Each structure stands twice: as structure tokens, then as C-alpha cells.
Amino acid sequence: MTDQWVSFSRRGVAELVHLKGEIDLANANDIGRAIVARTTGANAVLIDLTAVSFLDSAGVRLLDFIVGDLDDRGKPIRLVVGERGAARMTLQLCAFRTDLLTTDLERAAAELDG
Amino acid sequence: MSESGGPDVTSELRLPWDDDPEDLYEHAPCGYLTTLPDGTIVRVNETFLTWTGYARTDLVGHRRFRDLLAVGDRMYYETVYAPLLMMQSEVHEIALEVVGQDGRRLPTLVNSVLERGPGESPRIIRTMVLNATERRSYERELLTARRAAESSEQRVRVLQQIVADLAAAPTEAEVAEAVVRAPEPGFEAASSSIYLVDVERDQLVAVASTDPTTGNWDDMPRSSQRAVAEVARRGDLHVVATVDEAREHFPDLAETMTRSGRSTVVLLPLTTGPVEEPDGVTVLGVLAFSFREERVLDDAELTVIRLLGQQAGQALDRARLYDDARRREEQAGFLARTTRSLDEEHRLLQRARRLVERVVPEIADWASVRLQVGPAGLLESAGGPPPEAALLAGRIAEATSTAGPVWAADGDGLGCTVLPLTARGRVLGTLALRMAPDRRGIEAERLFLIDLADRAGLALENARLYEQERAIARTLQRSLLAADVPGGDPRFAVESYYQAAAQDLEVGGDWFDAFLITPNRLAVVVGDVVGRGIEAATTMGQLRSAIRALASGEHGPARLIEQLDRFCEREEAARMATVVYAEIDLLHGEMTYTCAGHLPPLLHEPAGSPQYLLQARSAPIGSRAGDRRRTEQKVRLASGSRLLLYTDGLVERRGRPIDRGFEVLAREYARRRDAPLKGLTAGLADTMVGRDHADDVCLLCITLGTEERLERSIGADPLQIALLRADLRGWLAGHSVDTDCLNAVLLACSEAVANAIEHGYRDDPFGVVDVTATVSEDAVEVRVTDRGTWRGTGAGFTRGRGLQLIEEAMDEVLFDRGDGTTVIMRRQRGGEL
């Protein structure tokens, strides 16, 4: 049901979540459930937002929840965003912690493995 | 006296008829008795004494005549003879049996005369006794003959009745029932049983008995040593006269005879074929009947019994033919009905389902179809309980690998027959059946099942091919429809929709296309090819390509359609396709269109109501009867116009005139004037035809130019926000708004609308949110208005974040709370965040 917005793969120890398209009030809950089902036992999580063309506050809420969950379990998480774009803008507007954001998927993966 | 000088004996000789009276009396050819009125014998002649063996002294004065009679005759003497004699003084030809001295009985006829003395008083009785031995045995023969005739007549009557019953018995079971009833009335048998030959199983089967407590009821092979099997093999009547005789030849029979108290058994083969040729006789069964006492059957009875065997055999033969014919007829009927029923379904799954539902319960109590199609295969079952899975799997594997049927056998623990479903020499899958065991007609049954599997295999293979073709046609159609419709151009936006027919029909030949002929000339087309399925899909693809190739931007739509007319001289399947084709000059906002047999486009300009474009009409492509003079019409399109092209599936609905369909379409289209373009065509199709429609529907909607002012109304549904965003994004791009500003406006607008839906219309699913956007040289302004009731504004963290985002993204934000809430947001163009 959420396949058009979210897909999963592995990168080293990390569970890699690819998001794409528009994430808003209408689909954020379903996408959130799909992601949590995969990340709830993960040792590290990478969320790739570079293909996201729109992200609203419902999407921010979803990311906030996942970050909180990983932090509580003491596991690392990184959000990969482009240099520009809708996702970066929204996250910056919401003042997400800069240590969570990265523009380089490979380096983030290497950091998590290390 | 003698001249010859011989002794004269004349005086010595008596004439032969000149008997001595005394000698005549004594040696007369009959007995004489003289008795006193009380019967005491006073005189008797020698003849009587010789016949009876008495001495004269035994009788005279010592015995009365009645003392010499048999016991029964003494009664007769006292009650009939004596009174009659007293009354009539004489009696004649009274039949009495005289008992001799050695006890032998002598049948006699007696005449008596009573002599009376003075005063009429009885004096003596003279009695003549005639020897009637010969006469009596003759009478007895007569009697026996009559009795024999009577019993023979009785037998004939019984036999006639049985023959009549046999003739009226249409089935083997009824023939058996009639035959088994014959021996009791016909031959006074105590009981009888009938066994029938089952040729296919090479067995003799007991099917009926008048006394099931006797006999041995197990089926026996025809090669058995038992008496019944022996007689069936020999084909001739066999009478086991005594238990001893049975013991000698057939110990099994002797045992049952002793147990059931039978002394004689007749084993009669039921035969058909010419009697005179012993080898030509076919034994169809054996009738066994038995007697409590030892019974000797005479030749006449044996003849009748043999006749019964032949009559019964012929009746059985005929009934078997009838049974076979009826079974064949039933099977043929079942096959015909099943084939017809399968033909009614086109899809593979439905056909497989129908097959098992036909088979259960009519011929089986459980059935399943397994097909090796697709990655998972297909399995449909009916009836129950299902058989043991592992055993069944083995049998299915066998039938699949050998491509031959595996028949159920007695005691195989499964009772299922598995038939391979083949088509064109390939095993497509299997049909497994559990049927009630049938004692007869196994060979015919097998042929029937093979026929059934053949037909089912073909029907399922055709459904599979249909399914495959359908999938190919759909894929082909989808790939053609989805291909590169231009987007991201601020001068126009295209929205299309294709909905396949709801029923399981093949794909239709509806299509749409939009492409840029030159950088400033857009072509849009919607067409409909005659026919369905893969051919229609292919033709559609060819027409679509032909139009793309022929569109030059120099000759115009009418010329293009003329070229299509020529094209279908080569491509016959394209004939009678309908097309609406338009070329839009994006620089000058002018459209040139033509309609070849297609429904008119519907144009909605920014002001006014929608209009059907009814000019430039001509006949379908390649039409022979229609007007093929192709014309074209130019029409100016104001910025913000929306043009709708569609196929007939959108307006045609059973039971509704087409003009009514046009009216409804125009009204619905007008009602959506302010709806976002994205989702417009799908929404129209949904409203116009619903989900359950018989035809394909194809729509193409284009918006031209950029509205100065964007006005949209959307329902209180989160899904609508994305549709609005698509319009807004296109509109902002059309006005060359920079990316940062564009993203910020999109975000703020989405959040404002989400707020309105989540808070303003929390309790009102039918609420409407109005969005108005204007753009100036230096800024974008968006107003989002709802008429809902806000509760707990800003209370929740989550909406708080939404509001925070609006504040962060926009330069100025105003809330106007009156009847509802209006959010007014403004963002500078080209500015930094």
C-alpha cells in the first residue's frame, strides 16, 4: 500500500529506508507504520529523503517519532537530505538537530558501521 | 357212429359251449358269492377263491363279504351299498377293493341282487365280483396324466408371467428381481438366488435372493471352484440332486445346503446366444434354487427350466444394452451441459471453479482442479471431506508425469481417480475425483472420464490463453497510454484517465495521446478502435504511432485524418476507428480540431458554461458509407480554458438517452470548474459511469495557459491536499516563481489546508476549503478559508508544529477569525529563507 513512497534495503549494519514522492497528512501514518515495522529492532537506521518532493508537518512528526525511538534504544540514525529541496527545507524550518542530517549517504553509512 | 372204425367218442365229448353248469359256476371269469342278508358268505366260487387266496372253508359260514373289503370300502359298503341294495334289491358296478389273504388289494366292480322270500323278507344276496385291476390302473393313469397336464399348465402360466415381467423390466436389477421370483411358484422351490457375471471385474456377484439367510453372498471370481462359478463356466443346467452328490463335487454347496436345510439344488445358467452351438452361448448369470426335500425333476420340468434360463438371459442382455445406452446418454448429456457451462465463463479461475462445481455432486462427492499456471499455480476444490493429502499428491505426480489417468482401485486407501488435463500435448494440470464405486460399466465410465478431462483440459487451456492474451493486451495498452505525455510545461497541463470495463471483458481499443509537434504546437488526441482484445490494442498502437508520425504542424488536422483514411487501406483493422484530434498553438492560444466520427470535445472557458465543439465533423476513419470530406475548425482558447476529450463509454449508459448523457457530463464538468485538475478526469469518470460499467472509458483534459488568479475549492479530505498542491505547483511554475518560494508556499498552503480539515472540519466531512492564490512581481499571496468551528486552537503540539511551519515558511501570516477562519499568507519572491 505504501510501496510507492517507501522501500527498504540494507547498508552495512544499517536498515536503509528510501522515501520518495510527496509525504503529507494523507499518507504519513501508513508510511510511518511501514517504517517502524522494519526499524523497531534495527541497530542503525538510515533514512534517505533525497527523492522526497514534499514533506509536511505530518511527515516531520513521523520522522521525529522514529528518531526518538532510536535515541531511546541508544541506536544511531541519520537522515539523508539533498543540498536543497522540499525535505531539507521543512526539516530546517522545524530545526531538526544538525547531527541527524547529512547529504552523503555513503559517509553516513560508514559512520554507522564504525 | 364212426365210419372210420375209430373209437366212438361222441358220447364222451361235450360240445364246447355245452359247459357243465357246476364247472361254469366254479370257473366263471368272475367271482360269485352268495350271502345271507347279513352278509355271511354261504357259497363262493373257485374263481373268487383263486383271486383272493382264501380256502373255501375260511369263508363259508365264517366271514361276511364286508369283512373282505379295505377299511375305506367297508364304510362305503355300510353307508351306500347295503342301503341301496335293500331299497332297490340290486346294485351295479360298485367299485370296491377286496383284500386278499396275503393283504394284497384287488380292485373290483361288484353287482349284487337281493332275493326275497315270501312276505318280501330278504332271503339271500347273489353277488358277482368283476376283476377291475386293469381298469383301475388305467383310471389312475388318466388321473396322473390330468394332474401332470395341470401342473405343466401351471408352470407354463408362471413362465408366461415371468416372460411378461422380464419384457417389462428395463434395468438389469429389475430383470434379476423378476427372475429370482420364478422358481417358487413355478417349481415349488423353497428359495432362490441370482448371481450376475461382471465381465470387467471377472467376477460373479450375488444381486438378489428370496431368502438372504441362505447361501454364500461373497463375490467370487469367475475362476472360483464354487458350484455357481463352475456352472457359469460350463453354461449348462446342473441339478445337484442330493447333499451327498454335492459333497462329492462341491463341498461349498454341501455346506450351505446342510446349513439351510436343503436337499436338492438346481443351478441354472442364464444364457444368451444360439442354444444349438454350445460355444456360442454367453452366460450372463446363474439362477440357483433349492428344495427342502429331495426333488426329482422330470424331463418336462427340466425343459421348462432351461427355457427360463434362456428367457432370463436374453432379458438380461437387453437390459444391459438399455443400461449402457442410458448411461451413455446421461454421460453425453453431462458432458454437453458441462462444456456449455464452462463456455459461459471466460476467465481461468472462474472456469476451474465451475468445473468442480459441475462435477460435485453430480458425478463425484469431492473434486479438485490443479493447474500449473503462474508462480503459485491454481487450485479449486468442491465437496468433501478432502482425501488424504500425501497419497493424493503422489497420485497427482504420477498422472502428471505419465500424462495418463490413474484410476481409483478398491482398497487403495484413497478412492480418487486423477486425470491429467492436457491440451496440445501438454499437461496443464490435473482433475482429481472421488466417485461412488460403481459395480458395472467401469470401462464405459473410464471412457467418459477421459472425455470429460479432454474437454475440461481444452476449455481450461483456452481460458489460460485468453487470460494470457488479456494480460498482454492490457500491458500493451497501459504501456502505450502511459508513454511520455508532456508535463512540466507552464503553458499547459494534461490530465488523463483510463478505466477498463468492470466486467471480465477483453481490453477495448480506447486511447489518448498528447505530444508536442513543435516546441510551440501541442497535439491532443482521443480515439476508439473497433473491436476488443489484443488485436484492438495492437491497432490502437499503430494508429497512435501513425498520428504521431503524420502530425507535422504544417498540414493541419483535416489533412492528417485524410492520411489516416489511406493508412487504413493497408491496415484493415483500423477501419471505422473514431478520432478527435486537435492541434493547439501555444503561442497564440488557438486550437484547430477535427472530429472523425468521434464524440464532440467539451470546452470550458474561464467565463461561462461548458460548450460542446460541434464543428468539423466527418465520418469514422476509412468509412465507406459516411462523409469522408475532412474539415477542421479553429477556435480561440482563453488562458485558463479547460478542454475535455473522451470516449463514448463516459456518456453512454444503458437505459439513458445519449443527449441526457451529454447534459449530465456538461453539468458535472461545470461543477468541477474549481476542482484541481489533478484527479478531475478520474472523478468525472467515477461520477458518470461508476465502478460497474460495461465499457472502457478514456478521458483527456488539458488546461491552457496560466490563470492570473488560482481559485480552488476542495473537500475536507486529506487526500485532496496533494491534488491541490499539484495545481498550485503548476500555477506557480507557470508564473516562474523561484523554487525556494514555490516550496515554501506549497508547504504553508498544505499546512493551512490540513489545519482547516483537521480542526475546522473535525466534525464535518462535507466541509469545503477555498484556496485563492495571486501572484505579483515581487510576492505570492495565498488565502485559505474554511467555515468550520475551531476548537483548542494551537493547543496540540502537532498542529502547533504546522502553524509554526507556516510562520517560518512565509513572510507574513494573518489569521482572520469570523464565521470561519481565513489564513492569509504572503511570501516574497526570490528571497532567501
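How much area is buried between chain A and chain B, and what share of it do carbon and sulfur atoms give? About 1800 Å² is buried between the two chains, and carbon and sulfur atoms give 60% of that. Buried area here is the accessible area, with a 1.4 Å probe, that two parts lose on being put together, summed over both. On the chain A side, Leu25(A), Met89(A) and Leu93(A) lose the most area to chain B, together 33% of what that side buries. In terms of contacts, meaning heavy atoms within 4.5 Å, 19 residues of chain A touch 24 residues of chain B.

Some conventions. This is a predicted model, where local features need pLDDT of at least 70, side-chain atom pairs count only at pLDDT 80 or more, and totals for chains, interfaces and linings use all residues. Residues are numbered from 1 along each chain as its sequence is written, chains are lettered from A and ligands numbered from 1 in the order in which they are written, and side-chain values use heavy atoms, with hydrogens and water left out.

Now chain A itself. It has 4 helices and 5 strands, taken as DSSP runs (H or I, at least four residues, for helices; E, at least two, for strands) and numbered from the N terminus. Along the sequence the pattern is β-β-α-β-α-β-α-β-α. The C-alpha atoms fill a box of roughly 35 × 30 × 25 Å along the principal axes. Of the 114 residues, 53% are buried, that is, under 20% relative accessible area (1.4 Å probe, protein chains only). Among contacts in chain A between residues at least 6 apart in sequence, 70% join residues at least 24 apart.

Conventions
Buried means under 20% relative accessible area, exposed over 50%, partly exposed in between (1.4 Å probe, protein chains only).
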